[in-house]
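Hi everyone, thanks for coming along.

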Amino acid sequence: VYEAVKPDLSNFVFGCSLLAIILIIITVILKDRKEIMISKLFGLSNMKLFRSLYTKYLISLPVMYSLTTILCYTYFVGNFRETTKDYLAFIGFYNIAYILSICIIAVILYGGIHALTSNEFMKQTKVKDNRTIVSMVLKLCLLMIVFIPCVTHGWETYDSLSILHTLLSNEKTMTNAIMLNGIIFDNTDIFEQQNTIQKLYSYIDKHNGIYEEFNYVENYELVLQGNQPLPFSITYPFITVNDNYLKDYKIQDSKGNEIDMNTLKESTLLIPDNYHLSDEQISFFCKGRPYNILSIKAGNTFTSHNPNNYTSNTLTKKNPIILLDKQWMESTSFSTDNYFIKINDEKDLNDFKSFISDNHLEKAMNFHLNKAYYDVNVSKLSYQVITSGFYTLLMLLLVFIYQIYTAIMYVHESRFIFALEYLMGKTFLQRYGSYLYTNILLYLVIVAAGVFMSSVTIMHHCNPAHVWNFSFLVCP
């Protein structure tokens, strides 16, 4: 019921909230150091200073947090129910953790007040450079803490957004079909099993069913054939399909003429004209069988009918090598989740149910309407994209608030010096240059680190481990 409440999101928001409080308190201590020192000179104790300056703020934080939690629960959940026990325990844990964290922050704050014992803290010239250094160090810590998760999950966010866009753009294609997920046989008669499978394939072919294999993972450096490595690397996208799949696409030969797939009577390997394959590579893509070879115009993009393909590398293939398999019904080496039967209306669905009933496959056949998978995956991906967007906005807001706060504090504390420098005719850069340059340098370091981490992440995702799955789901 409360699947949308993810621990990683809650932990991230909770951590950012505490981080913002800690950073603001540190800067507040730096800002209030003169007032604290003057009050100490007049004989005020550390505890009195603590109570007069910060107690009301520290008390208001957990109160506001708890009130916000109660209001959100009332608005989004409503009345207490048996199913909300775990959720109440979940939010109760975070309320207790938040109160304990505020107590720890209060101790740190009291320690900061106690540490301000030297009159040197009151000297503007002494503190100015130190304050800038402290501000930069704190800002660097803040940026690294909030930036690393953004970079780490950046590729996943991009991949989720790409998949979501593909699903939404191909909604009609992915929702008007039945996806077969396997057959479980009760008997061990292999001849009867093969006969049933051939009936199923014939039914798929008769009803313009689609066979596709998109699970081939591209861009890996070594392919194993048995226990021996192949003497070459495969770096081309590749799909295996039947005639019915290609009916939705216009494919041209290398001269720009549209190819009529009905004229191709035999299995054919369609190779984009910008690829140059060796004989060994062609044999690999032909799966060791003698196929015709045909050069086609490059630039086609093909989409799987399976909304459960959860990576952009297997959901769509750009400019792939295409194996048009005319003998796809003769093979039982592929999993049945590569087969789809189009359902345009209720009659098609009833016809399929009749076929299942006539062949006594009600309990043996596993199948699902694509729309069910489609709706679930669109919902999950939408949540991931929204969550990532929320992460980004929260991090930017946190950095923006701290940046503005430190800038205001810097200008406020040095306002008399800046006024004198202005009267002396110094330019804007001469007055504020050190602060601007250190901030720009800091952000450049963070951007450089982000670019490096992003490149490593992208290389990791573009060279995944390759796993072959040639097993047909038949359980004797």
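Predicted model: local features only at pLDDT ≥ 70, side-chain atom pairs only at ≥ 80, totals over all residues.

Residues are numbered from 1 along each chain as its sequence is written, and side-chain values use heavy atoms, with hydrogens and water left out.

So, what does the secondary structure come to? The protein has 15 helices and 13 strands. Here helices (H or I, at least four residues) and strands (E, at least two) are DSSP runs, numbered from the N terminus. Of the 476 residues in the protein, 41% are buried. Buried means under 20% relative accessible area, exposed means over 50%, and partly exposed is in between, with a 1.4 Å probe and protein chains only. Now for contacts, meaning heavy atoms within 4.5 Å. Among those between residues at least 6 apart in sequence, 83% join residues at least 24 apart.

Let's look at two helix pairs. Helix α2 (residues 33–41) and α3 have axes that come within 10 Å and cross at roughly 140°. The axes are lines fitted to C-alpha atoms, for helices over the stretch in contact, and the angles run from 0 to 180 degrees between N-to-C directions. α2 and α3 are therefore oblique to each other. On that scale, angles under 35 degrees count as roughly parallel, over 145 as roughly antiparallel, 65 to 115 as roughly perpendicular, and the rest as oblique. The crossing of α2 and α3 is right-handed. As for handedness, a crossing is left-handed if the near helix is turned anticlockwise from the far one by less than a right angle, and right-handed if clockwise. Which residues meet there? From α2 we have E35, I36, S39 and K40, and they meet N46, L49, L53 and Y54 in α3. The residues of this contact divide into four nonpolar, two polar and two charged. In this scheme Ala, Val, Leu, Ile, Met, Phe, Trp, Tyr, Cys and Pro are nonpolar, Asp, Glu, Lys and Arg are charged, and the others, Gly among them, are polar.

The second pair is α8 and helix α12 (residues 346–358), which pack at an angle of about 165° with their axes 12 Å apart. That makes α8 roughly antiparallel to α12. This crossing is right-handed too. In the contact, K199, L200 and Y203 of α8 meet D348, D351, F352 and F355 of α12. Those residues divide into four nonpolar, no polar and three charged.

Staying with α3, find F50, which is in that helix (residues 46–76). Is F50 buried or exposed? F50 is buried, with a relative accessible area of 12%. Not counting residues up to four places away in sequence, F50 touches T55, L58, A106, L109, Y110 and I113. Between F50 and A106 there are 8.9 Å in space, C-alpha to C-alpha, and they are 56 residues apart in sequence.

Now, aromatic rings. Rings of Phe, Tyr and Trp (its six-membered ring) pair if their centres lie within 6.5 Å; planes under 30 degrees apart count as stacked, over 60 as edge-to-face and the rest as tilted. By this rule there are 18 aromatic pairs. One of them is Y65 with Y98, a stacked pair at 4.1 Å centre to centre and 10° between the planes. Y65 lies in helix α3 and Y98 in helix α4 (residues 85–115), so this pair ties together parts that are 33 residues apart in sequence. Y65 is partly exposed at 23% relative accessible area, whereas Y98 is buried at 4%. Ring pairs also link Y73, Y87, F90, F93 and Y94 into a cluster.

Last stop: two asparagines. Most residues other than glycine have a negative phi. N208, though, has a positive phi near 55°, and its place is the loop between α8 (190–206) and β2 (210–213). N319 has a positive phi of about 50°, in the loop between β9 (316–318) and β10 (321–324). N208 is partly exposed at 41% relative accessibility, while N319 is buried at 14%.
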